[in-house]
Amino acid sequence: MPCDFPSLGHKRQCCFRCDCWNTSLLGALRNPSTWRLLCQEAKPCRKVPSLRYQISDNLSDTLKKLKITAVDKTEDSLEGCLDCLLQALAQNNTETSEKIQASGILQLFASLLTPQSSCKAKVANIIAEVAKNEFMRIPCVDAGLISPLVQLLNSKDQEVLLQTGRALGNICYDSHSLQAQLINMGVIPTLVKLLGIHCQNAALTEMCLVAFGNLAELESSKEQFASTNIAEELVKLFKKQIEHDKREMIFEVLAPLAENDAIKLQLVEAGLVECLLEIVQQKVDSDKEDDITELKTGSDLMVLLLLGDESMQKLFEGGKGGVFQRVLSWIPSNNHQLQLAGALAIANFARNDGNCIHMVDNGIVEKLMDLLDRHVEDGNVTVQHAALSALRNLAIPVINKAKMLSAGVTEAVLKFLKSEMPPVQFKLLGTLRMLIDAQEAAEQLGKNVKLVERLVEWCEAKDHAGVMGESNRLLSALIRHSKSKDVIKTIVQSGGIKHLVTMATSEHVIMQNEALVALALIAALELGTAEKDLESAKLVQILHRLLADERSAPEIKYNSMVLICALMGSECLHKEVQDLAFLDVVSKLRSHENKSVAQQASLTEQRLTVES
């Protein structure tokens with residue numbers, strides 16, 4: 001069954017100012033698909049006298065001296081040179097970076113990033129600073145700095161870890177290929193381990209979260225994340241946070257991770273759902289902007305966790321689970337966000353027949369119809385869409401259809417026929433199509449002129465392929481399930497025949513077949529009423545093309561021949577069949593590998609021969 005889910009994480013913005021980094025992460029969180037540019041102010045690792053350098057002179061001297069000391073590794077001189085570079089970068093990052101690139105010193109940095117080097121933290125800091133500039137990132141890669149930096153992630157020194165993380169983050173900013181390289185080098189398990197060890201260090205924790213949020217956007221990362229205890233670490237960290245901004249940062253990591261089914265289940269087992277329910281309870285009555293944002297994020301993430309089959313079933317617990325019961329209580333809420341999340345949650349719980357049957361038997365349909373009633377006039381479109389999604393999924397099991405019809409679902413759904421919102425139109429059509437397996441229901445709806453006229457209108461909604469496709473399918477279903485002359489007349493009078501003929505040329509075999517069956521019923525029951533429309537829609541030519549096309553599926557060839565035979569009762573259509581020499585095409589199909597097609601070809605050939 002279809003999964004329904006809200007937009008989560010990527011459209012939210014968060015501004016976080018970290019005392020340790022002296023930086024705003026607003027821009028970073030706006031772009032979760034790339035490594036954030038961690039704009040820490042350059043800080044030397046030890047204090048040096050405050051000097052105002054004439055960059056063009058003193059920096060050149062420093063770079064020359066550094067070339068010599070980097071080779072000799074004279075510790076005091078090396079430290080002093082690195083401190084000078086950091087100060088120069090703090091004064092004018094771009095110009096200093098250009099001079100560093102021109103000097104060729106980057107190639108020497110790799111040798112200073114060894115675990116034994118006493119200045120590795122400062123070197124990593126310098127790399128982080130220069131890599132803020134886009135023009136310096138490729139040179140850093142070409143200088144072979146990524147591999148030694150990755151090795152330094154195994155350090156026990158927290159300052160080294162922080163500066164190394166910054167350096168890697170800035171080098172790989174906006175580069176999926178470099179991020180993928182880091183994943184292949186095994187940084188994910190290392191970073192997860194660091195998060196667990198250094199969870200008391202705010203700066204390191206946030207560095208890990210920023211990295212996770214970006215790496216998690218790559219599909220190749222999900223398997224590695226799933227093999228770690230990332231879910232447990234994130235939930236543990238989440239429980240400790242009381243500040244909105246820090247929790248929002250964790251949400252930014254959870255969102256892409258929770259797209260993976262294995263990680264969904266791990267998050268559920270780690271207790272994330274209980275945390276989210278607590279947030280909802282705490283924030284639901286607040287009118288503060290931060291609380292409203294957190295309520296939305298938390299409830300949206302709850303729905304996302306339900307997209308996994310295992311995680312969804314674990315939370316459903318046979319319809320008696322506490323989580324399921326809490327979600328039910330959201331539907332009658334006065335809060336639109338909770339109404340939306342509640343309806344989407346029900347739509348996702350309704351992804352197997354057992355769950356659907358249980359929920360319908362326990363009154364969920366009435367709750368959803370009450371919710372829809374509250375949103376008929378100038379209602380919330382997202383809530384309308386979510387509630388209709390839930391009803392559509394609930395209507396899939398055969399046993400539920402009659403119960404939902406008796407409950408008045410069609411009447412509730414038809415109230416939204418005037419909606420001009422394609423997402424609502426799409427779910428409305430899908431819900432009705434799921435409900436009309438019964439002949440009586442199909443006939444009742446098929447004689448509803450307003451509905452049929454709206455369907456014909458939506459059949460031309462070329463800007464919204466989903467709405468157009470569902471409208472065609474519902475038109476066909478009304479005929480196929482009702483087998484009613486009155487329904488056919490209503491559809492003919494509303495101009496629906498041409499759309500059914502066009503549907504027979506769909507790229508989807510199931511839609512082609514549904515159209516051909518409906519057209520065959522029209523030809524059998526009301527050919528006289530429909531023949532002019534069938535002629536003007538060029539049905540005969542389309543059938544000839546379908547039969548001649550070797551790519552046509554066996555069922556399409558079979559039903560096309562059945563329809564040809566039915567059309568022989570119309571004088572004008574019969575003449576078209578004769579003019580197109582159908583006998584030649586049909587006779588070839590007598591040797592078709594599909595026995596049903598071959599048999600129908602023989603019968604059709606006989607009919608054409610007799611009436612030629």
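Rings of Phe, Tyr and Trp (its six-membered ring) pair if their centres lie within 6.5 Å; planes under 30 degrees apart count as stacked, over 60 as edge-to-face and the rest as tilted.

**Ground rules.** I'm working on a predicted model, where local features need pLDDT of at least 70, side-chain atom pairs count only at pLDDT 80 or more, and totals for chains, interfaces and linings use all residues. Residues are numbered from 1 along each chain as its sequence is written, and side-chain values use heavy atoms, with hydrogens and water left out.

**Ring search.** I searched the whole structure and got five aromatic pairs. One of them is F212 with F225, edge-to-face, at 5.7 Å centre to centre and 80 degrees between the planes. F212 sits in helix α12 (residues 202–215) and F225 in helix α13 (residues 219–226), so this pair ties together parts 13 residues apart in sequence. Helices here are DSSP runs (H or I, at least four residues), numbered from the N terminus. I found both F212 and F225 buried, meaning under 20% relative accessible area with a 1.4 Å probe, protein chains only.

**Another pair.** F316 and F349 have ring centres 5.5 Å apart and planes at 45 degrees, so I noted the pair as tilted. F316 is buried at 2% relative accessible area, and F349 is buried at 0%. Ring pairs also link F316, F324 and F349 into a cluster.

**Confidence.** I looked up pLDDT, the predictor's confidence in each residue, from 0 to 100. The chain averages 88, and 90% of the residues score at least 70. Over residues 1–55 the pLDDT is below 50. Where pLDDT is low, the predicted coordinates should not be read in detail.

Technical notes. Helix = DSSP H or I, 4+ residues; strand = E, 2+ residues; numbered from the N terminus. Buried < 20%, exposed > 50% of the residue type's maximum accessible area, 1.4 Å probe, protein only. Contact = heavy atoms within 4.5 Å.
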